[in-house]
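The following exercises concern the contact between two chains and the confidence of the prediction. Each task is followed by a worked solution.

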Amino acid sequence: MANTLSPATAELAGAAPARVREKPGIRWGRIAAWAVMGLILVVSLFPFWWMLRTALSTNADLVTGNQSLLPVHPTLLNLKQALGLASAKELAAAGTQTSVDVNFFVALRNSIIVATLITAGQVTFCAMAAYAFARLRFPGRDKLFFLFLTAMMIPPIFTLIPNFVLIKNLGWLNSFPGIVAPFFLMTPFAVFFLRQFFLGISKEVEEAALLDGAGRWKIFRQLIIPMSAAPLVTLAVLTYITAWQEYMWPLVTGDSEHVRVLTVALNAFKSSTPTIAPPWGPLMAATFLAAVPLIVLFLALAKRMVDAIGFSGIK
Amino acid sequence: MRTLIALTAAAALLAGCGTNSSGVTADGKVLIRYQLWDTNQKPVYQMCANRFQQQHPDIRIQIENKNWGDYWSGLARGFISDTAPDVFTDHLGKYPQFAQSEVIEPVQTRGIDMNQYLPGLAKLWRSPNGKQYGFPKDWDTVAVVVNENLLAKAGITMRQLDHATWNPTNGGTFQRIAARLSVDTHGRRGDQPGFDPHNVAVYGLGFDPSGLTYGQTTWAGFAASLGFKLLNKNPWGTHYNYADPRFAATMNWWRTMIHKGFMPSLTTARTLGQSAMFQAGKAALAIDGDWTISTYSATKGIKVGYAPQGSWSMFNGLADGIWVGTKHPKQALQWVRFLASPACQSIVGTQAVVFPAIKSEIPKAVATHDKQHIDVSAFLSYVKARHTVLYPITEKAAQINLIVQPTLEEFLNGNAPAEQVMRNMNTQVNNQLEYTR
């Protein structure tokens with residue numbers, strides 16, 4: 001973001017040395033900005049690198065206390081184990097047997113199903129709700145919206161037990177509807193997020209459509225949705241990531257193998273027997289593999305998300 | 001986009017099928033789901049299940065593994081959501097609470113010779129009102145796991161370790177051995193001048209801090225050798241004795257070992273794990289239970305031996321519990337009775353992953369270990385000498401653990417005087433017990 005710094009800020013940041021040395025050629029502000037950005041980059045990427053480094057190390061090397069940035073004896077065994085391709089004999093030799101098979105591909109399929117359903121449902125319904133709050137006039141609208149926003153303040157753990165009881169009584173435990181249900185219809189954040197964008201769309205466009213005889217529904221579908229493609233994609237990606245990372249709810253309601261999502265499946269790498277340590281290498285390998293789809297998704301849609309941030313109403 | 005969502009929804013519907021909650025297999029047999037945590041024991045009990053199914057062609061046993069790290073929370077979720085296994089491996093530390101919340105069924109002892117088990121094991125599973133909640137199926141003691149290569153390098157013999165003495169004041173010859181086995185990053189040994197306790201390459205003794213409350217693989221055997229008894233009576237004690245000076249002295253010694261650098265700190269021990277440290281050659285000795293023999297003995301490039309820890313050990317055993325929500329209580333009970341019968345215990349003995357609870361089957365386990373050149377006499381020595389303390393059974397075990405574990409961790413990390421810490425902790429623990437009545 002260095003080029004968005006105004007010249008004034010840049011001057012301010014590098015003011016003191018610039019004045020002393022009188023070298024206008026060196027742009028201290030820009031250097032400082034890049035340095036800060038580089039630091040942030042390292043801080044956010046290093047844990048990821050360390051995960052990868054652990055995934056490629058043998059379990060025995062992890063406990064020797066070697067702090068080298070590269071794996072000492074690089075191995076693909078952990079990745080093979082995470083994918084279910086390693087033999088029991090290999091694992092016994094490496095000391096990383098577990099009681100449970102992670103069943104990576106089944107869990108991956110389940111994660112994709114859950115995250116896709118949640119994203120599709122949430123984006124659709126939240127867009128409708130947000131449009132209603134932004135444009136439709138009905139008594140108590142703003143009070144209702146305020147109530148909605150207040151719901152953002154309720155910690156999710158508070159709703160865990162009531163939700164669980166409801167899902168249990170519906171007979172939806174260990175099924176996809178049960179895992180998806182609490183997130184399917186809406187979250188206050190998504191409604192709030194989209195409402196802000198919808199408010200920014202100029203009313204004149206809608207009024208023109210009204211004059212042409214379009215109803216509210218038609219305006220919403222043929223005007224608002226296409227105009228808000230960028231924020232909708234942003235919301236979809238954010239929702240997808242959140243749904244992908246959800247742990248507590250799917251753990252409680254869907255720990256059966258046929259619906260177990262990736263985050264819950266990683267439990268396969270907890271310590272298998274009392275007094276035996278968890279197999280960190282395979283755990284990190286599986287964690288890395290579980291993050292890959294999100295990284296791909298993010299890379300594919302990053303450009304659109306940046307567009308959405310710069311979105312200004314009418315193109 | 002629309003096709004994508006439709007496809008996902010279709011996949012979701014398809015994947016949603018295939019749940020089996022009816023408790024009956026496709027070909028009309030009664031399905032009993034049996035859960036255990038130890039992956040090494042799964043094949044053993046699969047053999048038992050095969051034999052059981054031969055005798056009962058109308059019942060099918062489905063064995064499910066779950067990691068220890070997720071086992072008890074998983075069971076709790078199962079009890080609440082009606083998806084718990086019909087039968088599961090139960091633990092002495094957990095069953096009193098299960099019995100109290102009525103999620104496990106008592107078992108009928110009629111027709112079973114309760115004297116066939118090692119003395120003391122069966123009564124641990126009996127509630128104060130006389131209900132039996134399981135039949136002993138195995139037992140375990142704790143011993144010192146030895147890296148014999150490092151031992152030889154330090155010029156110590158297995159015989160010396162076998163006959164090591166221990167006392168809480170200076171640690172006896174056991175501490176001297178642990179010191180000799182410790183090596184700092186400059187190659188100095190723990191009994192040489194200039195040993196640096198903050199930069200240790202090899203610890204003399206490993207440390208498993210996961211269960212400090214009852215100290216199964218830490219203080220229990222050591223404190224017992226001083227005559228210390230944790231409860232006024234066991235099982236179902238009503239008063240804890242953490243304030244006993246012998247307990248404080250034992251814990252103090254434990255902390256000294258960490259300060260001297262002969263044992264890893266709590267943080268190091270927890271993140272690395274004792275077995276992993278031992279296998280990587282970072283700990284020369286480890287204190288662990290017989291259920292880990294196969295893990296340790298499989299270590300590449302290290303000759304592994306077992307020596308008694310002092311002369312006392314905690315004596316613990318497992319049994320199988322029946323969930324009250326099972327749809328087939330009769331068949332579940334048949335399976336549980338079979339698991340604790342000579343027919344299955346003979347297999348458990350021959351396979352020798354753990355020691356069977358039936359006295360007559362134990363020699364089979366020893367013979368199997370002998371064949372693999374693993375000397376397990378250390379684990380048996382306590383039983384022969386009757387130097388065992390039974391796993392402490394009281395009410396409120398979970399709540400008491402929440403008091404004791406963090407307090408002892410804080411004690412080991414800090415410098416607070418032992419006697420005072422233990423006295424305060426004991427008051428809290430006994431208040432907790434008092435509160436139940």
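Two exercises on this model follow.

This is a predicted model, in which local features need pLDDT of at least 70, side-chain atom pairs count only at pLDDT 80 or more, and totals for chains, interfaces and linings use all residues. Residues are numbered from 1 along each chain as its sequence is written, chains are lettered from A and ligands numbered from 1 in the order in which they are written, and side-chain values use heavy atoms, with hydrogens and water left out.

**Exercise 1.** Describe the interface of chain B and chain A.

*Solution.*
Step 1. Contact means heavy atoms within 4.5 Å; 39 residues of chain B touch 36 residues of chain A in this sense.
Step 2. About 3200 Å² is buried between the two chains, with carbon and sulfur atoms giving 61%; buried area is the accessible area (1.4 Å probe) that two parts lose on being put together, summed over both.
Step 3. Three salt bridges cross the interface, each defined as a side-chain nitrogen of Lys or Arg within 4 Å of a carboxyl oxygen of Asp or Glu. A salt bridge joins the side chains of B:Arg77 and A:Asp255 (2.7 Å, N to O).

**Exercise 2.** State how confident the prediction of chain A is.

*Solution.*
Step 1. pLDDT is the predictor's confidence in each residue, from 0 to 100; chain A has a mean of 85, with 89% of its residues at 70 or more.
Step 2. Over residues 1-18 of chain A, pLDDT stays under 50. For these residues the model has twelve contacts beyond four places in sequence.
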